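Here's a quick tour of a protein chain, with the sequence and the model side by side. Have a look at the rings to begin with, then move on to the packing.

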Amino acid sequence: MAARMSDVVRRTVARGGKVLIPAFSLGRTQIVVHYLQRWMREGLLPRLPIFVDSPLAHDLSEVYRRHAPNFQAPGTEDLPVHYILNKRRGLEVTSGPDPCIIVASGGIV
């Protein structure tokens, strides 16, 4: 799965595009972000900005972030994730010139 995702991301970046990953639920959103960060740390994916289009996922991640030091192994710190919390920001990200990965959990804001 990592090799296929890597191929898609690299081809999309090469043409200056954005990768849109529909996740459809909060749990799946967290899993997708986890693997994206892991594969970026391991060098399987290029390090790109990750945007999550879900205000509720943002709230959930804040709970996780407060407690992460209790169960996160050293050297596995998360790469930054940017949350899209309103329509204006969503338009800026989707229409901006830079390649990125957008994870949408329930329709783009």
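## The ring pair

There is one aromatic pair to report here, counting rings of Phe, Tyr and Trp (its six-membered ring) whose centres lie within 6.5 Å. The partners are Y35 and W39: their ring centres sit 5.5 Å apart with planes at 45 degrees, so the pair is tilted. For the angle, planes under 30 degrees apart count as stacked, over 60 as edge-to-face and the rest as tilted.

Both Y35 and W39 belong to helix α2, four residues apart, or about one turn of the helix. Buried means under 20% relative accessible area, exposed over 50%, and partly exposed in between (1.4 Å probe, protein chains only).

## What you're looking at

This is a predicted model, where local features need pLDDT of at least 70 and side-chain atom pairs count only at pLDDT 80 or more, but totals for chains, interfaces and linings use all residues. Residues are numbered from 1 along each chain as its sequence is written, and side-chain values use heavy atoms, with hydrogens and water left out.

The chain has four helices and four strands, running α-β-α-β-α-β-α-β along the sequence. These are DSSP runs numbered from the N terminus: helices are H or I with at least four residues, strands E with at least two. Of the 109 residues, 34% are buried.

## Cores

What does the largest nonpolar core hold, and which residues have the most contacts inside it? It has 20 residues, with L36, M40, V52, I101 and V103 having the most contacts. Elements giving two or more residues are α1 (2-14), β1 (19-22), α2, β2 (50-53), β3 (81-83) and β4 (101-104), and α2 gives the most, with five. A nonpolar core here is a set of buried Ala, Val, Leu, Ile, Met, Phe, Trp, Tyr and Cys residues joined through side-chain atoms within 4.5 Å.

Apart from this core lies another, of five residues, among them F51, I84, V93 and I102.

## Contacts along the chain

Take Q37, in helix α2 (residues 26-41). Q37 is buried, at 5% relative accessible area, and touches I50, D78, L79 and V81, leaving aside residues up to four places away in sequence. Contact means heavy atoms within 4.5 Å. Among chain contacts between residues at least 6 apart in sequence, 78% join residues at least 24 apart.
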